[in-house]
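Hello,

My notes on it follow.

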Amino acid sequence: MAKIINEVSRTFNEYLIIPGLTTKEHTPDNVNLQTPVVKFKKGEEPKISINIPFVSAIMQSVSDDGLSIALAKEGGVSFIYGSQSIETQAEMVKSVKKYKAGFVTSRANITPEASLLEVIELKNKTGFSNIGVTEDGTANGKFLGLVTGRDYRTKTDAYSKKVKDFMTPISDIVTGKDGISLNEANDIIWENKLNTLPILDENEHLKYFVFRKDYENHKMHPNEVLDSQKRLIVGAGINSRDHKERVPALVEAGVDLLCIDSSDGFSEWQKDTISYIKENHSNVFIGAGNVVDREGFMYLAKAGADFIKVGVGGGSICITREQKGIGRGQATAIIEVAEARDEYFAQTGEYIPICSDGGIVQDYHMTLALAMGADFLMMGRYFARFDESPTRKLMVGGNYVKEYWGEGSNRARNWQRYDMGGNNSLKFEEGVDSYVPYAGKLKDNLDLTIGKIKSTMCSCGVSTVKELQTNSKLTLVSSTSIIEGGAHDVIVKDSSN
């Protein structure tokens with residue numbers, strides 16, 4: 001018969017953190033959330049650390065170049081999804097590495113022959129009111145003009161009206177030359193009372209936009225994560241099928257981190273992929289996973305993984321557990337793998353960071369995951385809600401939402417993520433297609449979340465992630481204790497009144 005593990009498989013909801021002594025030094029300003037992303041030897045510093053313990057999930061509906069730039073500026077890192085062509089993924093990596101603070105690649109573009117209806121649909125899809133008009137409708141096509149909300153009236157203009165008939169043409173637009181500094185661009189904006197400054201190359205092709213509203217935002221990003229050349233750090237997801245073709249293109253594009261994207265990482269396929277990368281591309285770091293126990297961690301650690309992801313079936317759009325009956329409660333998985341990591345460190349002097357992937361519902365779950373031993377957290381649903389994610393913003397049931405689908409859904413068709421070595425096909429779904437409530441800008445939400453984590457750490461009497469892992473105390477809670485923890489036995493006022 002099968003080996004039975006009698007320990008209950010637990011989730012984050014079943015734990016609370018017990019407060020510790022908060023001294024006068026334990027204030028949010030003194031909390032440091034920096035954490036290692038790649039392995040390092042005892043007494044050495046990791047080659048890559050992040051300043052907030054967040055990375056975005058390797059998903060079509062979450063991590064493109066736009067979100068990668070936004071998150072890196074705030075101190076985290078994104079893993080651009082691999083379920084796309086090698087060429088387009090490499091271009092996204094290049095886009096992040098080429099990014100210059102304040103210079104924004106246009107994400108809403110249209111041709112002059114398009115209709116007003118197409119403009120409205122593009123605005124609704126992207127949420128952007130400034131639309132670049134280029135000869136071929138691409139972000140770097142020959143620039144012909146701009147369309148803003150001041151250029152048309154939806155109540156009176158015909159939806160069939162051509163963009164060329166109502167756009168603001170280039171002859172009426174102040175532009176900047178590619179190569180100018182951000183200070184020079186902002187001077188042009190202020191001197192000419194502009195909201196938007198298109199930056200063009202010598203052939204009048206659109207390169208970037210600089211926005212008046214971003215002036216304050218770009219003055220300082222103290223937490224941004226940079227490489228040795230002062231470029232933003234970016235990761236990319238790969239699979240164990242086409243890695244020999246994909247990885248060289250990503251490395252050439254400048255990728256800093258790779259991660260094998262798989263629902264089950266305890267496999268020889270991953271070991272072979274790690275070996276290939278270590279032998280042929282030793283200048284790039286590779287994460288592996290996902291695993292849920294000591295045995296899985298030790299296998300990938302000995303295979304050479306630079307970090308290891310933990311979690312099977314805990315994601316909000318993941319249905320692996322109900323489809324295949326495999327997985328483990330995320331809290332239990334993190335606790336056991338963290339113990340294995342510490343054991344491995346004691347034996348070898350090599351510390352391999354672990355990443356908690358899935359199971360995060362409430363902000364306090366993030367602090368719990370870190371206290372249980374995770375070095376950083378990978379999240380999909382959390383980031384899918386923001387303006388910077390690549391999906392459409394829609395009105396559903398009177399509320400704004402953003403689309404969010406799993407890599408194991410029929411929509412994503414990412415069969416490589418569930419590769420078992422057979423024929424190229426997705427036999428059954430392990431993810432769903434859904435919506436998440438729209439939440440606004442990434443930075444605004446991150447500031448709130450980080451504020452909660454820092455406040456909790458102060459209540460625990462700790463100032464770093466390592467201290468949280470070492471000194472915090474956790475307690476199991478009963479079902480009635482969970483009820484007690486929320487508002488109860490009162491009539492809650494409507495906050496909108």
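At what angle do helix 2 and helix 5 pack, and how far apart are their axes? This is a predicted model, and in it helix 2 (residues 86–98) packs against helix 5 (residues 243–253) at about 20°, with the axes 8 Å apart. Angles under 35 degrees count as roughly parallel, so helix 2 is roughly parallel to helix 5. On the helix 2 side the contact is made by Ile86, Gln89, Ala90, Val93, Lys94 and Lys97, and on the helix 5 side by Glu245, Arg246, Ala249, Leu250 and Ala253. The crossing of this pair is right-handed.

Helix 5 also packs against helix 6 (residues 268–280), at an angle of about 40° and with the axes 11 Å apart. These two helices are therefore oblique to each other. The crossing of helix 5 and helix 6 is right-handed. Here His243, Lys244, Val247 and Pro248 of helix 5 meet Thr273, Tyr276 and Ile277 of helix 6. As background, an α-helix has 3.6 residues a turn, so residues three or four places apart point the same way.

Next, the strands. Strand 17 (residues 307–310) is paired with strand 16 (residues 285–291) through 3 bridges, and the two run parallel. Within that pairing, Gly287 stands opposite Phe307. Strand 16 and strand 17, together with helix 7 (residues 294–303), make up a β-α-β unit that is right-handed.

Strand 17 is also joined to strand 19 (residues 354–357), again by 3 bridges and in parallel. In this pairing Val310 has Ser356 of strand 19 as its bridge partner.

Which residues of strand 17 point one way, and which the other? Phe307 and Lys309 point one way, whereas Ile308 and Val310 point the other way. In a regular strand the side chains alternate between the two faces of the sheet. All four are buried, Lys309 included.

Last, helix 10 (residues 363–371). How many of the residues of helix 10 are buried? The helix is mostly covered, with 8 of its 9 residues buried. Those buried are Asp363, His365, Met366, Thr367, Leu368, Ala369, Leu370 and Ala371. Just after the end of helix 10, Gly373 has a positive phi of about 130°.

Regards

Notes:
Residues are numbered from 1 along each chain as its sequence is written. This is a predicted model: local features need pLDDT of at least 70, side-chain atom pairs count only at pLDDT 80 or more; totals for chains, interfaces and linings use all residues. Side-chain values use heavy atoms; hydrogens and water are left out. Buried means under 20% relative accessible area, exposed over 50%, partly exposed in between (1.4 Å probe, protein chains only). Two strands pair if DSSP finds at least two bridges between them. A crossover is right-handed if, with the strands pointing away from the viewer, the path from the first strand over the helix to the second runs clockwise. Axes are lines fitted to C-alpha atoms, for helices over the stretch in contact, and angles run from 0 to 180 degrees between N-to-C directions. Angles under 35 degrees count as roughly parallel, over 145 as roughly antiparallel, 65 to 115 as roughly perpendicular and the rest as oblique. A crossing is left-handed if the near helix is turned anticlockwise from the far one by less than a right angle, and right-handed if clockwise. Contact means heavy atoms within 4.5 Å.
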